[in-house]
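Keep the structure open while you read.

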Amino acid sequence: MQHNNIKALRLARGWSQEQLAALSALSVRTIQRIENGEQASIETMSALAAVFECPVAELMSPADEHSEPTEEGADQRVIAANARLDEESGFLRSLFTWAVICGGLAVINLLTSHEVLWFLWPLGIWGGLLLVRGCRLFVLHDWLARRRQRRLQQLLRK
């Protein structure tokens, strides 16, 4: 009865078989076979357990024991989405603060001393740090999550 739990967990997270295969570093055909009831190796089950963040035993237990995987999966997705929104709004607040403060520093600098443009230092350093944070949040977020998942799988296979 493994296939029912794996399929239910996959669907609860809104993943396709292709997405689960990519996250677990398995082939789509392997995912299809497991969901159709074929026996899987312990390494394969460990990879899937790492993706679903649950013990291997939970994947191997009968599906009837888990009457609410869809609700739990939906709750997890809502929690993850809220955390992501908090990260994004925190970044936007930081960006706004940077713009206001650096704009004020530029005005003060230009009104008091034209010879040395010292406001460029906080503008550049703080702006560079915000750029790195923005890249990590908006560009590298999925890559970092996949990298973490692969590393977790490597550690579990040792």
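## Overall fold

Helices (H or I, at least four residues) and strands (E, at least two) are DSSP runs, numbered from the N terminus. By that rule the protein has eight helices and zero strands. Along the sequence the pattern reads α-α-α-α-α-α-α-α.

This is a predicted model, in which local features need pLDDT of at least 70 and side-chain atom pairs count only at pLDDT 80 or more, while totals for chains, interfaces and linings use all residues. Residues are numbered from 1 along each chain as its sequence is written, and side-chain values use heavy atoms, with hydrogens and water left out.

## Burial and contacts

Buried means under 20% relative accessible area, exposed over 50%, and partly exposed in between (1.4 Å probe, protein chains only). Of the protein's 158 residues, 28% count as buried. Contact means heavy atoms within 4.5 Å. Among contacts with a separation of 6 or more, 63% join residues 24 or more positions apart.

## Helices H2 and H3

H2 spans residues 17-24 and H3 spans residues 28-35. They pack at an angle of about 110°, with their axes 8 Å apart. Axes are lines fitted to C-alpha atoms, for helices over the stretch in contact, and angles run from 0 to 180 degrees between N-to-C directions. H2 and H3 are therefore roughly perpendicular to each other. The classes are roughly parallel under 35 degrees, roughly antiparallel over 145, roughly perpendicular from 65 to 115, and oblique for the rest.

H2 contributes Gln17, Glu18, Leu20, Ala21 and Ser24 to the contact, and H3 contributes Val28, Ile31, Gln32 and Glu35. By class, there are four nonpolar, three polar and two charged residues. Here Ala, Val, Leu, Ile, Met, Phe, Trp, Tyr, Cys and Pro count as nonpolar, Asp, Glu, Lys and Arg as charged, and the others, Gly among them, as polar.

## The two faces of H7

H7 covers residues 120-139, with Gly127, Leu130, Gly134 and Leu137 buried. These four cover an arc of only 85° around the axis, so they sit on the same side of H7. The arc is that of the directions from the helix axis to the C-beta atoms. The face turned away from the buried side carries exposed residues, including Trp121, Ile125, Leu129 and Arg136.

Gln149 is in helix H8 (residues 141-157). Gln149 is buried, with a relative accessible area of 11%. Leaving aside neighbours within four places in sequence, Gln149 is in contact with Leu23, Ala50 and Val51.

Gln76 lies in helix H6 (residues 69-112). Gln76 is partly exposed, at 43% relative accessible area. Gln76 and Ala12 are 64 residues apart in sequence, and 9.4 Å apart in space, C-alpha to C-alpha.
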